[in-house]
Amino acid sequence: MDDLVAARATMAFSLGFHIIFAAIGMTMPFLMSVAHFLYLKKKDPVYLGLTKLWMKGVAILFAVGAVSGTVLSFELGLLWPGFMQYAGPIIGMPFSWEGTAFFLEAIAIGLFLYGWDRMSPWVHWTTGLLVGVTGFVSGIFVVAANGWMNAPAGFDWVNGVAQNVDPVKAMFNRAWPHQSLHMQLAALQAVGCAVGGIHAWLYLRGVASDLNLKALRIAMVIGASASILQPFAGHIAGESVAELQPAKLAAMEGHFKTSRHAALTVGGLPDVETQTMKWGVELPGLLSLLAHRDLNAEVIGLDKYPREDWPPVLIVHVAFQVMVAIGSAMALMGVLYFWFVRRGKFPRWFLWVVVACAPLGVVAIEAGWVVTEVGRQPWIIYGLVRTKDAVTPVPGMVYHFGLFVVLYLCLAVATVWLLRRQFRTVQQKFGG
Amino acid sequence: MIDILVCFIGASLLLYVLLGGSDFGAGIIELLPAGRLREAQKEVINHAMGPVWEANHMWLILIVVILFMGFPTIFTTLMIALHLPMLALLVGIVVRGAAFTFRHYDAVQEKRSQRIYTVLFGLSSLWTSLWLGIIAASLNRGIIDPAAREVWTAWFAPWWGVYPLAVGLFVVCIYAFLASIYLVGETEQPDLKKRFLRLAGWFNGLVVLAGGLVFVASTTERESLPSAFLKNPLNLAVIALATLLFVALWFFVAKRRTMLTRIVASGQVALILLGWYVLYAPNALITARGPLSFYTEAAPPATLWQLVLALLIGSLFIFPSIFYLFRVFKLPGGAKH
């Protein structure tokens, strides 16, 4: 593994790890607040039990998210000093706002976790809600920084140096709105459905039926709604990528040759050597329609780009297909969910579907980040700075990578182990 | 504008050392034998740190953000030359935060797992504090060479040596001292209070010893601290004042004025940081190829304006919230229901 590959692997691994906890930190406080609200309104002790159960989850997962986020703020410099040198002054602004929001989140979580008998109940409830709001806002800000890497703005590039820096323009780059919409919905969708799925599973096993059914309903309102909205957000993102980063779209779709009336390939594996798609189902004209709202529009293919500017086509295409397949399945599940809510009863087979969807949202988030990050390659700032020119000169990056793999694997195992212990105590407390 | 940013970095650093430092110190104290007071001490530390440690930790992130947005050259130079100590610091931060939270929120509170969390929490607190001191000492040694690519000169020499190690130990002692002073006011149990006071006494001695060690070790450096201090009498006065304040500190301890003791101890730390800044100001780093000053390495004005704006607006939200947090949990007479 050379240093560049090791640095990229470290970044991918740290980000892939953190993003799960970030998504949880943006969503679970809201679930917790809803349960807490229902308890304060109805005085039903089951809702209190649920609030405290989720609160402990939030406490554990937030801490992991906070420390892995700290690691990332350092790693920007430890791994990509060549990037931060240019990018810091241009795109530091959303980071400073993200830092502010995250700071408030850390204060709010301290108040909520330890403030049960120290504040009036509704003030206390508000601090819990604020954990969610500030977490959500900090997520929106940090995506702005990633959006800028995809659609750089707010400076003039003169002989390899950034001039006339305008941080406001950089922050409000053109990729921010669609990326943020897509990401925030993904967090709500993945975490809502994951929590719903876990409670559906406990319910099916006959554990604490009342509590788990109530938990399922709270989590799935958010998870299922987001699942239904997500395909639209995804479509908006796709249209923007078609305009801002045609090479990325071409890699996502395995679209090698620029053409009119371009076909959408479902499934399939791109073969870069022969520049063809194998084993896919072609739907003629659909790609042109989706990307440019016109069946006969021209869709730029990879042939318009020199070979060294291609992203790794196979990875991007497969990740994209995985994301879209999961997104479609979950949207369908979301529709079914509301249909069964209207009928007033969930059949057992559907609850098993919910269980099956629990891990899928998380997989889709990871796949989606592979699409946007690997799809941006070979650029770290799209079209301007190559990833290989931004990497740290420090040698032996493979050890750095190995260290974090071991550290984070231990952390992941410990977290799962702790969460299982939480659920086991629920079983003891609320019975079968 | 740069003055405002330097003030923000200074204030964040001070608050990180004071607030975050006492949290680190609490972990270090838990490593020491406590006999039958062990469980009670753990409870006090859980309650003292639980609500605030995450907020206290944010001051460090704030410094990182100000550096990479406002002073990118300083940030990248640091991150390249001090890659290894930074990595060590990060590992410590991850293990420490996780161990502390896991200890409190583990649904099954059994002896063995609790013991493991406590040991991890203590060791990582010690480890992280040590590396923080090493990093602080490495900034101004004149050894960091941004152009070096040979493994030893580029990535080991900047932080290797007795002087950074001495500063690391000094930081460890200061943190443990701060935590002891701070924890005295966090418990009503007489025997625990007595224990924390005794620890404060011990660490007071150790801080002075480690401080002396830093001075002695600095004679191996390009410019030793004694000679640097003699050039700048103000600095000497600052350090002397910090040491003299120990008298006031123990006077207030004897009078059982908890708040005043905390304020004096914080003042001592503030003076040490001030002395450190004045020694090298306005340079953030002194490299083998000359100093990097906050005033020459700043980002373009448009960026600095936005950063100052974000910090000022952020402060409007953060400071009242922090004050509320501390009022609810810390100050006597905090809101109770």
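A search of the whole predicted model finds 44 aromatic pairs over all chains. Rings of Phe, Tyr and Trp (its six-membered ring) pair if their centres lie within 6.5 Å; planes under 30 degrees apart count as stacked, over 60 as edge-to-face and the rest as tilted. Two edge-to-face pairs are listed here.

| Pair | Centre to centre | Angle between planes |
|---|---|---|
| A:Phe155 and A:Trp157 | 5.9 Å | 75 degrees |
| B:Phe251 and B:Phe252 | 5.6 Å | 65 degrees |

A:Phe155 is buried, at 15% relative accessible area. A:Trp157 is partly exposed, at 28%. B:Phe251 is partly exposed too, at 46%. Buried means under 20% relative accessible area, exposed over 50%, and partly exposed in between (1.4 Å probe, protein chains only).

Ring pairs also build a cluster in chain A: its members are A:Tyr337, A:Phe338, A:Trp339, A:Phe340, A:Phe346, A:Trp349 and A:Phe350.

Now the helices. Helix 2 (residues 45-79) and helix 3 (residues 81-114) of chain A pack at about 160 degrees, with axes 11 Å apart. That makes helix 2 of chain A roughly antiparallel to helix 3 of chain A (angles under 35 degrees count as roughly parallel, over 145 as roughly antiparallel, 65 to 115 as roughly perpendicular and the rest as oblique). Residues in contact (heavy atoms within 4.5 Å) include A:Phe62 of helix 2 and A:Phe102 of helix 3. The contact residues divide into 16 nonpolar, 2 polar and 1 charged.

Residues are numbered from 1 along each chain as its sequence is written, and chains are lettered from A in the order in which they are written. In this predicted model, local features need pLDDT of at least 70 and side-chain atom pairs count only at pLDDT 80 or more, while side-chain values use heavy atoms, without hydrogens and water.

Notes:
Axes are lines fitted to C-alpha atoms, for helices over the stretch in contact, and angles run from 0 to 180 degrees between N-to-C directions. Helices (H or I, at least four residues) and strands (E, at least two) are DSSP runs, numbered from the N terminus. Ala, Val, Leu, Ile, Met, Phe, Trp, Tyr, Cys and Pro count as nonpolar, Asp, Glu, Lys and Arg as charged, and the others, Gly among them, as polar.
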